[in-house]
Amino acid sequence: MLKAERMWALGAMSGTSLDGVDAALVETDGEAIFGFGDSRYRAYTKDEQAVLSAALGRWPGDDLGAAEAVVLQAHIEALSGMGAALVGFHGQTLAHDPGGRGTHQLGDGAALADALGLPVVWDFRSADVRLGGQGAPLAPFFHHACARYIGADAPVAFLNLGGVGNLTWTDPKVRRPEDAGALIAFDTGPANAPINDFMMARRNLPYDEGGRLARSGTVAEGALELFLDEAYFLKMPPKSLDRDAFADMIDLVGELSDADAAATLTAMSAAAVLRGMEHCPTPPARLLVCGGGRHNPVMMDMLRAALDCEVAPVENVGLDGDMLEAQAFGYLAVRVARGLPTSCAATTGVRANVSGGTLSQPTEAG
């Protein structure tokens, strides 16, 4: 087990948007953040995206050799030579069914440790799920550290708009993230994934750049109301979702023009966040947004129009919205190596505080 000392940890994140691998350095002792270092992005090629997309929804035991090879090679290229003492490797989420089959993040951390010649912490979610947790979201402990790092003196909320949206409300006045009153976190609902899937199906484009198509359309209120009737929005947090849990969103807009469909899907993702904000223990002073969705001005305008608090990209407080998730897994890797908890009842619903993750050391042969 590591001693309580600061080090440079390298985190890697490959999200459900299937765009590529983010890699970022964070200096931490697993409790406080002391600074941030270099970052790198390794995009998936279209062929690699096709391989990974075909593997979505698959579980261990299926034939996933081609997808695993893509994940390993992309991470080797993204993480090599960045000067870290420890790596946090999230892997590629293929399926997520807490309370059912579990959760599946594809990727062999032991093989990655051998390839990099560095200790690697991986399989962050399984232990949480085994103890009755949702296994997601896992970034909230890092968000709590970020709130303290930026000097926040009142509750703030972090919103990650990736393939799925997730929200963290945190009170930085509470010292430890696992302590009562420090955090509440959960998945809000679909975010970029259905918009991106729609754009690929209708326009052969990976996403609605700048929200241009959505801005030219009109929201179909009937479809939006049907979306908000989903039982998920009535569930109390903690709660989490699989990337394709709302696959019927595309059907709800199937008869609409491209522009109206894009506008409606964007409104659905924003409305899911608004429903989630109702669960905050107290209104946050600001909502800090990371992930690709913060680059969609239509979605950001929808949030600003409906919320009383400031809505801003995390860059406004000196953080990197493209790399926050990767930095989180570097931070969490140090916590796992120190035996500190990475989730608790308030973040995933787990029965007891859990330090989730496997630490693999490189072998001499590697």
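Mentor: Start with Asn192. Leaving aside neighbours within four places in sequence, Asn192 is in contact with Ser17, Leu161, Gly162, Gly163, Gly292, Gly293 and Met299. Contact means heavy atoms within 4.5 Å. A word on the source: this is a predicted model, where local features need pLDDT of at least 70 and side-chain atom pairs count only at pLDDT 80 or more, while totals for chains, interfaces and linings use all residues. Residues are numbered from 1 along each chain as its sequence is written, and side-chain values use heavy atoms, with hydrogens and water left out.

Is Asn192 buried or exposed? Asn192 counts as buried because its relative accessibility is 10%. The cut-offs use a 1.4 Å probe and protein chains only: buried is under 20% relative accessible area, exposed is over 50%, and partly exposed is in between.

Now place Asn192 in the chain. Asn192 lies in helix α6. Helices (H or I, at least four residues) and strands (E, at least two) are DSSP runs, numbered from the N terminus. Helix α6 has 12 residues. From first C-alpha to last, α6 reaches 16 Å, close to the 16 Å expected at 1.5 Å a residue. That expected span is 1.5 Å times one less than the number of residues.

An open sheet of five strands runs in the order β9-β8-β7-β10-β11, with mixed pairing. The edge strands are β9 and β11 (310-313), and each pairs on one side only. From one strand to the next, the twist averages 20°. For such angles, axes are lines fitted to C-alpha atoms (for helices over the stretch in contact), and angles run from 0 to 180 degrees between N-to-C directions. Two strands pair if DSSP finds at least two bridges between them. Strands of a sheet pair through backbone hydrogen bonds, either parallel or antiparallel. β7 and β8 (residues 164-170) pair in the antiparallel sense, over six bridges. Val156 has Thr170 of β8 as its bridge partner.

Next, helix α10. The side chains of Asp258 and Arg202 meet in a salt bridge, 2.5 Å from N to O. Asp258 is in α10 (residues 258-277) and Arg202 is in α6 (residues 192-203), so the pair ties together parts that are 56 residues apart in sequence. Arg202 counts as partly exposed because its relative accessibility is 31%. A salt bridge here is a side-chain nitrogen of Lys or Arg within 4 Å of a carboxyl oxygen of Asp or Glu. The structure holds 16 salt bridges.

Asp301 pairs with Arg304, with their closest N and O atoms 3.6 Å apart. The two residues are three apart in α11, about one turn of the helix. Asp301 is partly exposed at 37% relative accessibility, and Arg304 is partly exposed at 39%.

Compare a salt bridge elsewhere. Glu48 and Arg42 meet at 2.6 Å, N to O. Both Glu48 and Arg42 are buried. Salt bridges can also join up: Arg176, Glu178, Asp179 and Arg335 are linked in a network.

Last, the rings. The whole structure has eight aromatic pairs. Rings of Phe, Tyr and Trp (its six-membered ring) pair if their centres lie within 6.5 Å; planes under 30 degrees apart are stacked, over 60 edge-to-face, and the rest tilted. Phe227 and Phe233 have ring centres 5.2 Å apart and planes at 65°, so this pair is edge-to-face. Both Phe227 and Phe233 are buried. Tyr232 and Phe246 also pair edge-to-face, at 6.1 Å centre to centre and 90° between the planes. Tyr232 and Phe246 are 14 residues apart, each in the loop between α8 (221-228) and α9. Tyr232 is buried at 8% relative accessibility, and Phe246 is buried at 7%. Phe227, Tyr232, Phe233 and Phe246 form one aromatic cluster.
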